[in-house]
Amino acid sequence: MDFYFGLAQLVGVHTLLGLSAYIVLLTGQVSLAQAGFFAVGAYTAGMLTVLAGWHLVPALGIGAIVSAATACAVGFPALRVKGLMLVIATLAFGEAVRLFFFNFDYQIAKGDIKVGPLGGEGFRQIRFFPENGWGTLEVMLFMWVFVLLVMALLWWFDRSRYGTALRAVGEDEVAAQAVGINLTAIKVSAMTVGGAIAGIGGGLYAHYTTHIEHSSFNILVATFALAYPIVGGLQSVFGTLIAVIFVQAFLIEGLRELGDWRNLLFGALIVLAMNLRPNGILDARALAALKRAFTRGRNA
Amino acid sequence: MLDFLQAVSDGVLFGATYALIGIGFTLVFGVMHKLNLAYAAASVGGAYAGLLVLGVMAGAPPWLVFLCAFAAGGVLGYLVYLSCFHFIPLGSPLATLMATVGMLLLIDEVIVHFTNGMPLAYPAMFDDVMLRAGELTLRGDLLLVFGIAVLCMVGLLLLLYRTRLGLATRAVSQQSVAAQLCGIRVGLVNAMTFVITGLLGGIAGALIGASVGALSPLLTTPLTVKGLIVTVIGGLGSIPGAIIAGLLVGGFENVFQLFRGVTERDLYVMLLLFVFLVFRPGGLFESKDDHH
Amino acid sequence: MKKLALAVTLAFAASGALAQDKTIKITGFGAKSGVVRSFGVNSEAAMLAAADVINKQGGIKLADGSKARIEVEFLDDRCNAEEGISVIRRIASTDALVAIGPTCSNVAEPLFGILQKKVGDAGDSGLQFPVFTDVAIKVGLAKISEWAFRNVPNEMTMYNSVFYWLHQKYPNLKTVYGGVEEDFAHSRATWHVVMKDRAQASGFSIAGESKWLLADTNFATQVREMKKANADIIAISAHPFSTCGVLREMQRQGVKPKLLVGLTSSSSLETLQGCAKQAQGIIIPTSFAPVNKEARFAAEETAKKKGAADLHSMAAWENMFILKQVMEAEKISGAKANLQADRRKIRDGLAKLATTQGLLGVTKRDAEGEADKPYLFVQAKGNDWVVLHNPL
């Protein structure tokens with residue numbers, strides 16, 4: 001069971017990563033910077049629990065706030081960059097964050113050993129969970145509280161004016177402006193919220209792997225963050241969740257039996273998925289069909 | 001002062017390799033307004049395929065390997081087009097982006113599979129030639145790479161502005177619907193663009209392999225990133241821009257390294273890109289047809 | 001009727017023999033993707049080969065006197081920390097008794113981090129599963145958990161020996177210049193913590209250091225620095241790809257130090273495949289070379305399973321035999337019902353070991369779960385690694 005709980009933890013953290021890119025994608029901004037915000041959250045929360053001895057929950061909170069602030073700072077210059085150029089700009093920013101942590105040393109002595117991030121060596125021994133006796137099940141439940149809260153929040157956004165405004169900006173900026181939507185407010189706020197979500201995800205990541213280093217937040221992670229909402233579909237938060245389960249539980253863990261073929265199939269299946277379902281696994285048609293299936297049951 | 005000049009010249013020369021990769025990226029972006037993230041991987045893949053020549057004929061001359069890489073690059077370019085651009089509807093740019101990511105991963109894995117991830121020595125031309133310009137030493141093989149980059153640029157510009165295919169390509173990039181109405185087969189033109197950039201990519205991959213001395217799957221990600229940076233700084237769709245940007249990035253990179261060391265070098269390159277994007281989003285040579 | 005009785009008796013006898021066919025599962029894990037794929041491939045081959053040899057010799061003797069076959073499986077963690085953690089949890093959920101791996105130090109560190117730190121600590125919810133590492137070599141990892149053990153060479157001892165020997169043999173060589181791959185935990189630590197320190201301890205003076213990154217391709221500046229420093233010995237703490245890049249640039253700029261010293265894990269096929277010509281003469285301390293009968297046998301058997309024998313894969317081979325020894329000494333039951341008890345026995349057995357028999361000689365083990373392996377110095381000559389000096 002431990003294995004399945006561990007897998008659920010992994011799915012949870014990656015869902016947060018994906019959702020942080022999801023909300024930004026809704027506004028039409030393709031951001032490869034989410035891994036950078038993830039890193040900021042990870043290092044911040046880790047430093048607070050290890051160096052300052054805080055409990056994990058406030059540490060995650062501060063981590064989310066710092067990531068959100070960073071994202072907000074990125075959101076403004078990002079307004080000047082259009083379309084696919086933003087992909088490159090955010091990629092550059094994400095890499096800059098990673099390289100910052102590659103050079104970041106902050107160690108203090110605890111007893112006779114030094115703890116804290118040490119540049120290229122990384123930040124080791126982030127042991128809040130094992131030191132406080134949290135079992136795999138407890139960690140999983142703890143993480144999923146956050147995942148479900150975030151999903152509920154985004155679900156609620158989708159049903160509110162804010163969500164409509166987000167999608168309107170994503171569809172057609174000019175038309176959105178024409179009906180009086182404040183582009184700056186929408187785009188920057190989406191980026192900020194995305195940053196906060198990534199920050200929480202990062203904080204959880206640091207604690208469940210116990211060791212983070214700059215290479216844990218590389219371009220591949222940034223690409224995965226973007227892949228989840230794109231492969232899953234932008235119509236609903238569940239799309240991202242389904243994509244994370246598809247990639248992590250099915251492609252990576254499930255296909256393990258296939259040995260070497262798994263790695264080859266990975267890229268091939270993504271290409272296939274994009275060709276067969278260019279709007280994601282849970283695209284508008286699939287969502288409508290699901291809705292019909294549910295309401296038909298209710299009406300009958 | 002000499003150190004500084006030498007670092008600049010070393011960097012600028014190596015930037016010629018970035019220029020080569022950048023040309024292909026910018027051409028695809030300029031024509032199809034889509035990012036082909038699999039481009040560097042396909043170029044490296046083409047270079048690897050070039051090594052098959054050595055498998056068949058042990059003492060083959062380097063230019064034959066390069067020729068094989070050239071051809072393989074074209075084939076890979078077409079495969080990328082088919083798998084990522086042909087079937088996916090135009091209205092789904094995100095899907096094509098992800099599909100190219102999938103191809104990047106696939107090509108990488110195929111390379112790893114066949115070589116077990118180990119670096120393979122690559123034949124080089126003039127790799128031991130060092131020229132002297134006063135107090136500075138310049139690598140002969142990189143000058144050759146620069147020369148080839150310029151040749152490619154001239155060739156591509158001739159293709160784009162003096163041939164029917166080039167005319168059709170430019171028409172499709174400006175107004176694909178109107179182009180179709182004029183009887184231009186958009187699918188064919190797009191496929192040809194990919195084949196041509198693929199051929200260029202094969203050469204780029206081979207020359208990069210030759211400059212580095214070995215091919216490794218490690219090359220793919222940094223080349224993709226550099227290629228994107230060069231594309232942006234040079235201006236999307238501008239071929240001369242890509243060359244100048246490539247040299248610039250190479251030069252700056254080495255200068256940053258000289259002053260701040262290798263661990264901070266890339267940080268400053270990223271910040272340079274970010275600054276460019278914020279203050280001059282069109283790049284050095286803003287494209288004349290700017291429409292969204 | 002007689003025929004039927006015979007058939008039935010034979011069937012019973014056969015099923016009895018089959019019931020005797022117990023298996024012990026040992027799962028290997030490591031990188032079978034990306035640039036480090038060869039490590040995983042070789043370790044898997046070595047484990048499969050060792051299992052074959054042990055099974056041919058009768059297998060492992062269990063507590064009740066019966067024999068069990070070893071079954072080996074190998075999982076790919078893609079050199080990724082999260083996946084490594086998932087893999088070890090997956091292995092722990094099967095009936096495997098112990099795992100051999102991982103390949104990458106950046107996986108080992110988080111992975112050891114999720115294991116129970118101290119045995120018997122009821123307040124520590126870490127995973128209780130023994131891990132016996134073959135490859136991940138970054139200094140000081142096994143002490144992270146009492147369930148983690150390693151059979152990797154001790155770079156401090158080896159480089160101490162190398163520099164001491166070089167100082168004795170070439171008394172006119174005084175200076176050492178270092179080249180280090182800064183963004184990979186292992187290579188970085190080896191220069192800053194091991195090579196620099198040991199070279200100085202042996203009487204050399206450090207003329208300086210140049211840094212680069214794992215995937216770098218342009219070493220002009222760094223080699224120019226080397227040229228200026230004009231040191232007698234250049235020590236390169238980097239993996240094969242960038243090592244070859246630097247060596248090529250050195251050739252281009254005409255930098256010819258009197259001696260070259262390399263990083264332990266670069267004493268492999270990769271370096272020779274990438275730049276045999278430029279790497280000629282580089283001296284590397286290693287814990288494996290086919291210098292005796294056992295070593296050659298191990299190499300041949302591994303080659304049959306399509307793997308190469310080098311210091312990393314041969315550690316996996318050794319691990320299999322050490323585990324056999326431990327399992328028999330601790331009298332494991334081999335029964336699925338006693339899985340956790342058996343795993344604990346294996347851990348305790350590994351912790352007790354003061355020495356183990358390696359392919360090159362006796363390996364000492366310390367209280368932190370680390371090994372001090374016998375080593376020798378190899379040098380690149382032609383297309384091979386040739387033994388330069390055998391301190392054994």
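These notes walk through a predicted model, chain by chain and contact by contact.

1. **Confidence in chain A.** The average pLDDT of chain A is 90. In that chain, 99% of the residues score at least 70. Helix H2 (residues 34–50) of chain A has the highest confidence, at 95. Helix H13 (residues 284–299) of chain A has the lowest, at a mean of 78.

2. **A loop residue in chain A.** Look at Leu51(A). This residue sits in the loop between H2 and helix H3 (56–78) of chain A. Is Leu51(A) buried, exposed or partly exposed? Leu51(A) has 16 C-beta neighbours inside 10 Å, so it counts as partly exposed.

3. **What Leu51(A) meets.** Set aside the neighbours within four places in sequence. Leu51(A) is then in contact with Ile108(A), Val115(A) and Gly116(A). Now compare Leu51(A) with Lys114(A). The two are 63 residues apart in sequence. Their C-alpha atoms are 9.8 Å apart in space.

4. **Where chain B touches chain A.** Here 34 residues of chain B are in contact with 37 residues of chain A. On the chain B side, four helices each supply at least two residues: H4 (62–86), H5 (93–115), H10 (220–234) and H12 (262–279). Which of them gives the most? The answer is H5(B), with twelve residues. By class, this side of chain B has 24 nonpolar, seven polar and three charged residues.

5. **A helix in chain B.** Follow helix H11 (residues 239–260) of chain B from end to end. H11(B) has 22 residues. From first C-alpha to last, H11(B) reaches 31 Å. That is close to the 32 Å expected at 1.5 Å a residue. H11(B) is also mostly covered, with 16 of its 22 residues buried. Just after the helix comes Gly261(B), with a positive phi of about 85 degrees.

6. **Where chain C touches chain B.** This contact takes 28 residues from chain C and 27 residues from chain B. On the chain C side, the elements that each supply at least two residues are helix H2 (37–56), strand S8 (205–212), helix H7 (220–229), helix H8 (240–253) and helix H9 (269–275). H8(C) has the largest share, six residues. This side of chain C divides into twelve nonpolar, nine polar and seven charged residues.

7. **Two domains in chain C.** The domain assignment gives chain C a domain 1 (20–153 + 291–372) and a domain 2 (155–286). Their C-alpha centres lie 31 Å apart. Twelve residues of domain 1 are in contact with 14 residues of domain 2. On the domain 1 side, helix H4 (105–113) and helix H11 (311–329) of chain C are the elements giving two or more residues. That side holds five nonpolar, four polar and three charged residues.

8. **A sheet in chain C.** Chain C has an open sheet of six strands, in the order S2-S3-S1-S4-S5-S6, with mixed pairing. Which strands are at the edges? They are S2 (60–61) and S6 (148–150) of chain C, and each pairs on one side only. Strands of a sheet pair through backbone hydrogen bonds, either parallel or antiparallel. Strand S4 (residues 96–100) and strand S5 (residues 131–133) of chain C run parallel, joined by two bridges. Within this pair, Ala99(C) stands opposite Val131(C) in S5(C).

Key
Residues numbered from 1 in each chain as written. Chains lettered and ligands numbered in written order. Predicted model: local features only at pLDDT ≥ 70, side-chain atom pairs only at ≥ 80, totals over all residues. Contact = placed C-beta atoms within 7 Å. Nonpolar A, V, L, I, M, F, W, Y, C, P; charged D, E, K, R; others polar. Domains from an automatic or database assignment. Expected span 1.5 Å × (residues − 1). Buried ≥ 20, exposed ≤ 12 C-beta atoms within 10 Å, placed from the backbone. pLDDT = per-residue confidence, 0-100. Pairing = 2+ DSSP bridges.
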